[in-house]
Amino acid sequence: MTTNENYIYLDLDETLFHTEVRAKASTNAKRINFKLGTWWYCSLMRPSALDLIAYCRDLSLTRVLTNSTRDYATIACDLFGFDFSYEELVCRDDYIRYEMDGWGGYGGSARETAVVSDSLNRHGSILVDNLYPDDPGAIQKRQFLGIDASRYIQIREFRGEDPECFKEELHDIKTKIAVLVHGQSL
Ligand SMILES: [Mg+2]
């Protein structure tokens, strides 16, 4: 049951799963494979990802905030069974504005110009992300949410390996989330 109007935002890449872009699909049964354009995207779920998502949903409304594109995020989340709706997936184009250099209409290249603000102004939200807090990508996301570093929880990045420390650290991550949502530890 959700008890808090503010969102818990979860990052995707290196937080809930890890993706390798390859010329051919992976034969590893643990990976999901999907094709975008000419490349195969071979993704492996973080072992604790479903546990973490379920825990967050019990505490509060839960969304994704990712620097990836919507097509990639939608397919990966669907194949992993994360069950996020369209509104619950906040992707690159939802929070970064671009301007085209060169001809603009075709050709040229996109250049980031600004970070938009979350129109919902949920300044009590929390972000769980693998980036270091002072990484420009993490700063952009906090700027979008209107939160400061005190509401940012860095999770150890997942790159396809499952070190034992992940299990111990998941408890710490859950505790940090619970403290920020309710001001209480587990
Ligand atoms: Mg990430």
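Which residue just after H5 takes a positive phi? Keep that in mind for the last stop of this tour; the model on screen is predicted.

**Whole chain**

The protein has 5 helices and 10 strands. Of its 186 residues, 31% are buried. Among contacts with a separation of 6 or more, 60% join residues 24 or more positions apart.

**The parallel sheet**

Select S6, S5, S1, S9 and S10. These form an open sheet of 5 strands, paired in parallel and ordered S6-S5-S1-S9-S10. Strand S6 (89-90) and S10 are the edges; each has a single partner strand, so one side of each lacks a neighbour in the sheet.

**Strand S9**

Next, centre on strand S9 (residues 126-129). Ile-126 and Val-128 point one way, Leu-127 and Asp-129 point the other way, and all are buried. In a regular strand, side chains alternate between the two faces of the sheet.

S9 has partners to check in turn:

- Strand S1 (residues 7-10) pairs with S9 in the parallel sense over 3 bridges. Select Ile-8 and Ile-126, as Ile-126 is the bridge partner of Ile-8 in S9.
- Strand S10 (residues 152-154) runs parallel to S9 and is joined to S9 by 3 bridges. Here Val-128 stands opposite Ile-153 in S10.

S9, H4 and S10 make a right-handed β-α-β unit.

**The nonpolar core**

Which residues of the largest nonpolar core touch the most other members? Select Ile-8, Tyr-9, Leu-10, Val-64, Ile-126, Leu-127 and Val-128; these are the ones, out of 35 residues in that core.

Leaving aside neighbours within four places in sequence, Val-128 is in contact with Ile-8, Leu-10, Asp-11, Thr-15, Ile-153, Ile-155, Ile-173 and Ile-177. Ile-153 is also the residue of S10 that Val-128 stands opposite.

**The antiparallel sheet**

Move to S2, S4 and S3. They form an open sheet of 3 strands in the order S2-S4-S3, with antiparallel pairing. Strand S2 (17-22) and strand S3 (31-36) are the edge strands, each pairing on one side only. From one strand to the next, the twist averages 25°.

For the pairing itself, select S2 with strand S4 (residues 39-45): they run antiparallel and are joined by 6 bridges. Phe-17 stands opposite Met-45 in S4. Helix H2 (residues 70-80) packs on this sheet, touching S2, S3 and S4. The direction of H2 makes about 150° with that of S3.

**Last stop: H5**

Finish on helix H5 (residues 165-182), which has 18 residues. From first C-alpha to last, H5 reaches 26 Å, close to the 26 Å expected at 1.5 Å a residue. An α-helix has 3.6 residues a turn, so residues three or four places apart point the same way.

Step past the end of H5 to settle the opening question: the residue is Gly-183, with a positive phi of about 70°.

Methods: Residues are numbered from 1 along each chain as its sequence is written. This is a predicted model: local features need pLDDT of at least 70, side-chain atom pairs count only at pLDDT 80 or more; totals for chains, interfaces and linings use all residues. Helices (H or I, at least four residues) and strands (E, at least two) are DSSP runs, numbered from the N terminus. A residue is buried if 20 or more other C-beta atoms lie within 10 Å of its own, exposed if 12 or fewer, and partly exposed in between; C-beta atoms are placed from the backbone. Two residues are in contact if their C-beta atoms, placed from the backbone, lie within 7 Å. Two strands pair if DSSP finds at least two bridges between them. A crossover is right-handed if, with the strands pointing away from the viewer, the path from the first strand over the helix to the second runs clockwise. A nonpolar core is a set of buried Ala, Val, Leu, Ile, Met, Phe, Trp, Tyr and Cys residues joined through C-beta atoms within 7 Å. The expected span of a helix is 1.5 Å times one less than its number of residues. Axes are lines fitted to C-alpha atoms, for helices over the stretch in contact, and angles run from 0 to 180 degrees between N-to-C directions.
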